[in-house]
Amino acid sequence: MGAIRVILLISLLCAAHWLRAETITYSWPATMLDDPRGHYPIALLHLALGKAGSQYNPVPSKRDQAQWRTLRQLESGTGMDVVWTFTSIEREEKLRPIRIPIDRGLLGWRLLLIRQQDSSRFANISEAKQLQPLRAVQGHDWPDFNILKYNQFNVIPSTHYQGMFTMLQLGRVDYFPRTITEIQSELHSHPNLDLAIAPELVLYYPAPLYYFVHPDKTQLAQDIEHGLRAAIADGSMKQLFLQHFGDDIAQAHLQQRRVIRLQNPFLHPDTPLQDDSLWFKPQRGY
């Protein structure tokens, strides 16, 4: 009887915890939980909320929808509690950012996808002014498009993701900047296009990926920030980061590449650019 009573007590305590827990909806849809692109931000959100000692029950959104619609839903406070996305001044004015780059700014390290036959052409490039006249392609509504334009790069807009690879193959553009976490899988998924990674080059610009909440969700924002800082301090965020991105970082060989640094003028003045502990550094691999 004693054991049964203990089991019943544990069950009641667990039930009480979940009854007290506040269910919060994050922006990744339930239909895409198998997509590896969502694994890290979801795992980090769970880690941060756990480190904060807060009582939340994070659940995926029910619908797969365009990002602009998700952000509008968060802004209006209707059924969305946490979104992670590339920041901008406009987004930070409408929503509440947690100003800790969840991928440590890895989004801003860009390798160049090119045609294999152009490898020697790119091998001689070492400065932005040599790259600026060449034709890059980016999504017409991607933040990267405006960053490259501001830095006087020749950027061709496109509305079709797969079409950008075809544009590159056909020579309508010269290169396609991609994140180091995307480029290897994209090469493997387009084996017939004779594409390659430009040797010895990498573009870099500050590109914070933040969690955002509704402006009125002060406590939730504080809990997420407190949990993230605790995870940074005890090394658990580093462990999770390397678990998800360590192989991609190793394959990119960033320390052996010439870094072409660009300005990102579209960041909020409160972006923590001077806090070295928050940003990925190739020399330390984290």
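Is E200 buried, partly exposed or exposed? E200 is partly exposed, with a relative accessible area of 40%; buried means under 20%, exposed over 50% and partly exposed in between, using a 1.4 Å probe and protein chains only.

## Basis and confidence

This is a predicted model, in which local features need pLDDT of at least 70, side-chain atom pairs count only at pLDDT 80 or more, and totals for chains, interfaces and linings use all residues. Residues are numbered from 1 along each chain as its sequence is written, and side-chain values use heavy atoms, with hydrogens and water left out.

The average pLDDT of the chain is 90, and 93% of the residues score at least 70; pLDDT is the predictor's confidence in each residue, from 0 to 100. Residues 6-19 have a pLDDT below 50, and this stretch has two contacts in the model beyond near neighbours in sequence. A contact means heavy atoms within 4.5 Å. Where pLDDT is low, the predicted coordinates should not be read in detail.

## Nonpolar cores

The largest nonpolar core has 54 residues, and V82, Y211 and I224 touch the most other members. Such a core is a set of buried Ala, Val, Leu, Ile, Met, Phe, Trp, Tyr and Cys residues joined through side-chain atoms within 4.5 Å. Apart from neighbours within four places in sequence, Y211 contacts residues including P41, L44, W84, R96, I102 and L228, as well as V82 and I224.

A second, separate core has 22 residues, among them L112, F145, L201 and L262. In soluble globular proteins, nonpolar side chains tend to be buried together.

## Two residues with positive phi

Most residues other than glycine have a negative phi. R104 is not a glycine, yet its phi is positive, at about 60 degrees. R104 is found in the loop between β4 (96-98) and β5 (109-115); strands are DSSP runs of E with at least two residues, helices are runs of H or I with at least four, and both are numbered from the N terminus. R104 is buried, at a relative accessible area of 2%. Its charged end sits over the ring of Y286, 3.7 Å from the ring centre; this requires NZ of Lys or CZ of Arg within 6 Å of the centre and within 35 degrees of the ring normal.

E200 also has a positive phi, near 65 degrees. The loop that holds E200 runs between β9 (195-197) and β10 (201-204).

## Aromatic pairs

How many aromatic pairs does the structure hold? There are 16, where rings of Phe, Tyr and Trp (its six-membered ring) pair if their centres lie within 6.5 Å, with planes under 30 degrees apart called stacked, over 60 edge-to-face and the rest tilted. Y150 and F266 form an edge-to-face pair, 6.3 Å centre to centre with 75 degrees between the planes. Y150 lies in helix α7 (residues 143-150) and F266 in the segment after β12 (258-261), so the pair ties together parts 116 residues apart in sequence. Y150 is partly exposed at 43%, and F266 is partly exposed at 35%.

The pair of Y210 and F212 is tilted, because the ring centres are 6.1 Å apart and the planes are at 55 degrees. Both Y210 and F212 are buried. Ring pairs also link Y40, W109, Y204, F241, F245, F280 and Y286 into a cluster.
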